[in-house]
Amino acid sequence: MLTHEENELLCRVEGNAPMGKLMRQHWTPVCLMEEISEPDGAPVKARVFGEDLVVFRDNEGRVGVMDEYCPHRRVSLVYGRNEDGGLRCLYHGWKFDVLGNVLEMVSEPAASGMTEKVKHKAYPAKEWGGMVWAYMGPQDAIPEFVAPAWAPTADTRVSIAKALLPCNWAQILEGAIDSAHSSSLHSSDFVPARVGGAEATSKNWLRPSTDKAPRLQVERTEYGFRYAALRRPIFNANTHDYVRSTVFVAPGTVLIPPNNLYNVANINVPMDDTNTAFYFIAWGDPATTPETETWRKFLRQQIGPDLDERYRPLRNHENRFWQDRQAMKAGNFTGITGFPNQDIAMWVTMGPIANRSDERLGASDLAIVEFRRRMLDAIAEFEQDAEAIATGAKAIPQTVCSYQAVVPKETNWRAYAARYVSAKHALPDNEPAAIATDYQVRQ
């Protein structure tokens, strides 16, 4: 458990909060590219680290990420006219380009020279992996954008489900690194099966284990940490372990063990202290990775049936997340469809910021404990003028990835040669699953 003061340090990101300052040292997703796909289209509102932003694409296709509020009279630019190379405020007609330069001040005399005296706050923007990123740290030392592990190349298929959730970022991230909960909370969706490794179907994810109490081992790194959840496999339980190795990349990314078809990741971006943009990602080869709408339908995270047009879940605490008690009586463990919705129900019911001083943690919470220690230590290191965690020389090496495999007990999971799943590594359907799973993680 944490003290109240430690919990505040871990969770708070707004203003001058130490965690927010640390997070601003990283390029951060602000919205999906699909939200601003049209040149001169409608601007969108984003909120990151307690800052209200407006994001837009001009007629030349350039993307701007700016302070939402016009520097003149502080009205919202989300309602502005996106036209002819800039965003024009409706109130007095001031117009700004994607860099925050003032292009026109129609309400001011031309002789005033005021256009050269005003610069609107704008952040460097980058489009990659289906997201619009911004660097919101010190603008006098902007680091080069580095492609994330889950979108290593421009031709990688990246399918993203997005949901804006009314709770703190840390309790969401802790859910992503908590391997033990999946055997209970997701037991109707992550189904034990006589397979050689994790496999994906159109309805479920299959696992070669019935073990609900994994043994956890952690390795701390400069980019965060990685850990292994060791379970008894259905086959060869006396001689083998089923290993699921997860990677935490600070400050908010989790590389989740893949299945036989595609890789999985999660990013949690604090909108403010009590709201989070949750992104759940399938990525890999286009031949085996589901397209965006297929992915969202599988997760029950589609705009319309599951989310409103602003990516806010229709399931919530007030309507009990549409929990079906009759389905529970019939055998479904939670009565909540879509395994991310099962997670969301748990995260949201912890409250806007979870009270970690009242917890009773056990051996299966080792990764949770390490996450908290690692990030609190990262703040202390950063405040001593050290390079921020997971930046520069501390960035995650390209050779590190999450994986899952059934391996002999004497295998060192830390040294196990792993690589991400891709179509070129897949074997024919008639090959044994155990062989396919092992092949996909061997170098």
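Modeller: Let's start with the domains: the centres of domain 1 and domain 2, taken over C-alpha atoms, are 34 Å apart. This is a predicted model, so local features need pLDDT of at least 70 and side-chain atom pairs count only at pLDDT 80 or more, while totals for chains, interfaces and linings use all residues. Residues are numbered from 1 along each chain as its sequence is written, and side-chain values use heavy atoms, with hydrogens and water left out.

Colleague: What makes domain 1 and domain 2 the units here?

Modeller: The bounds come from an automatic or database domain assignment, which divides the chain into domain 1 (24–135) and domain 2 (157–415).

Colleague: And how many residues from each are in the contact?

Modeller: Contact means heavy atoms within 4.5 Å; 18 residues of domain 1 and 19 residues of domain 2 take part. The area buried between them is about 1,300 Å², with 64% of that from carbon and sulfur atoms. Buried area is the accessible area (1.4 Å probe) that two parts lose on being put together, summed over both.

Colleague: Why is Glu-34 with Arg-296 called a salt bridge?

Modeller: The rule wants a side-chain nitrogen of Lys or Arg within 4 Å of a carboxyl oxygen of Asp or Glu. For Glu-34 and Arg-296 the closest N and O atoms are 3.0 Å apart, so the pair qualifies. Across the interface of domain 1 and domain 2, the rule finds three salt bridges.

Colleague: Now Thr-276: why is it called buried?

Modeller: Buried means under 20% relative accessible area, exposed over 50%, partly exposed in between (1.4 Å probe, protein chains only). Thr-276 has 0%, so it counts as buried. Among the residues it touches are Cys-167, Asn-168 and Trp-169.

Colleague: What makes the Thr-276 side chain and Cys-167 a polar contact?

Modeller: That takes a pair of N or O atoms within 3.5 Å; within protein, one must be able to donate a hydrogen and the other to accept it, and residues adjacent in sequence count only if both atoms are side-chain atoms. Here the backbone oxygen of Cys-167 is 2.7 Å from a polar atom of the Thr-276 side chain.

Colleague: How do you know that α3 is largely enclosed?

Modeller: Helices (H or I, at least four residues) are DSSP runs, numbered from the N terminus. In α3 (residues 169–176), seven of the eight residues are buried, so the rest of the structure largely encloses this helix. Trp-169 and Ile-172 are among the buried ones. Asn-168 caps the N-terminal end of α3, with a side-chain oxygen 2.9 Å from the backbone nitrogen of Ala-170.

Note on methods
Helix = DSSP H or I, 4+ residues; strand = E, 2+ residues; numbered from the N terminus. Lists of a residue's contacts leave out its neighbours within four places in sequence.
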